[in-house]
Amino acid sequence: MALQDIIQRDKIYFMNVFGDRTPVCFQYGKGMYLWDTEGNKYCDFLAGIAVNALGHCHPRFINILKNQLDKVIHTSNLYYIEPQAKLAEMLVNISCADKVFFANSGAEANEGAIKLARIYYKKKNLPHKYEIITLKKSFHGRTLATLAATGQEKYQKPYSPLMPGFKHVEINDIAALKDAITPSTCAIMLELIQGESGVYPVNGEYLSEVKKICEENDLLLIFDEVQTGMGRTGEMFAYLHYGIEPDIFTLAKALGGGIPIGAVCAKEPVASAFAPGDHGSTFGGNPFACTAGIAVIDILLNEGLVENARKTGQYFMEQLTQLKNKYKAISEVRGKGLMIGMEFNNNDAKMIAKKLFEKGFLVGCIGTEILRFLPPLIVTKQDIDALINALDKVLSDY
Ligand SMILES: *Cc1c(COP(=O)(O)O)cnc(C)c1O
């Protein structure tokens, strides 16, 4: 189908929540590259918003998926599922968690985390503890509960009244956090690097204080690692950079390498608060999705992709910082590993993203001021050099 026909059908038949998208439709992918309907080639520095950690159509990944398709796709959680048991074991082995539950998306994983925090205190005979403190500019998902958790009014406004039980405080502000705690508080939930709102990292001293406050006040610490998890930041999980373990953390995005899956990971005794009937899912943790998760972890580990994210991420950051020193329009470059934001002190980020697109590079854009880079973890220095050259040209041309 020609691009115009696709766009026309989208406008007529698809609910218009995404507005005018970038006018392109990708037909094929391989590694770092995508090809559109006209055969144009793009180098992908967005990875489907941090999803395609292995790049596009990684040969081993595709083989493993094809094999599973020939066996069985879905059986339901009424029965035991081999890939589900295996993926749960793998996640426990590589993280601080003792048990895992599988959902289908980031929002759903966070819903599970919120429910787990609430039921944990109900079962401890502290039913008055239900409120969760999250951060301003956070993003936890689009369901009604995760929308209430998300600290951004623009997403919440159309859906009031919001689900009760959430409070939002400024990032890296311990006093504000302490002020927000009441006898109703049961948990603090945060992203270690806020992704969706602009790549804002939590600082180390703040996180140490948060951990201490949680211990002193009997609060659970929940990390939303939906975007930062699975090697994105140069460690398998971002909490490893800080040396601070959460009671609960959530995963999604890269976990399935493009196949939808989310995970709620928790330490004991929190994990065992979920008893039969307390939570569930029809699709969650099905054989196909879990096979994808197993393959993603195997390939990340066997091909040294987390290490590659750390090394190439550092190189990328250095190169972007050199551009910052060269161009006054760039006010800051921040992030970790392959999760990087470049902030402009004008409103040109959208225009720059568009010009990069015309040069065959896909990058993200947050508002009008921030470019974000989330390349697949297979990215090489050469790919980064090509992007930097293109960006340098775009910046010197205006
Ligand atoms: C993307 C994202 C979500 C939502 O994930 P969905 O799969 O879109 O529901 C939640 N939290 C964070 C930190 C995210 O980046």
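In the predicted model, Glu-303 is partly exposed, with a relative accessible area of 36%. The side chain of Glu-303 forms a salt bridge with that of Arg-60, at an N to O distance of 4.0 Å. This pair connects distant parts of the chain, since Arg-60 belongs to helix α3 (residues 59–71) whereas Glu-303 lies in the loop between α11 (287–302) and α12 (305–326), 243 residues away. Arg-60 is likewise partly exposed, its relative accessible area being 36%.

Other salt bridges are found within single helices. In helix α12, Lys-311 and Glu-307 are four residues apart, about one turn of the helix, and their side chains meet at 3.0 Å, N to O; Lys-311 is exposed, with a relative accessible area of 52%, while Glu-307 counts as partly exposed at 39%. Lys-354 and Glu-358 form a salt bridge at 3.6 Å, N to O, and, being four residues apart in helix α13 (residues 349–358), are separated by about one helical turn. Both count as exposed, Lys-354 at 54% relative accessibility and Glu-358 at 55%. The search of the whole structure finds 15 salt bridges, in a protein with 42 positive and 44 negative side chains, the centres of the two sets lying 2 Å apart.

The protein contains 14 helices and 17 strands. Its radius of gyration of 21 Å is close to the 21 Å given by the globule rule for 398 residues, so the protein is as compact as a globular protein of that length. Of the 398 residues, 53% count as buried.

How values were computed: Residues are numbered from 1 along each chain as its sequence is written. This is a predicted model: local features need pLDDT of at least 70, side-chain atom pairs count only at pLDDT 80 or more; totals for chains, interfaces and linings use all residues. Side-chain values use heavy atoms; hydrogens and water are left out. Helices (H or I, at least four residues) and strands (E, at least two) are DSSP runs, numbered from the N terminus. The radius of gyration is taken over C-alpha atoms; the globule rule is 2.2 Å times the number of residues to the power 0.38. Buried means under 20% relative accessible area, exposed over 50%, partly exposed in between (1.4 Å probe, protein chains only). Lys and Arg count as positive and Asp and Glu as negative; His and the chain ends are not counted. The place of a charge is taken as NZ of Lys, CZ of Arg, CG of Asp or CD of Glu.
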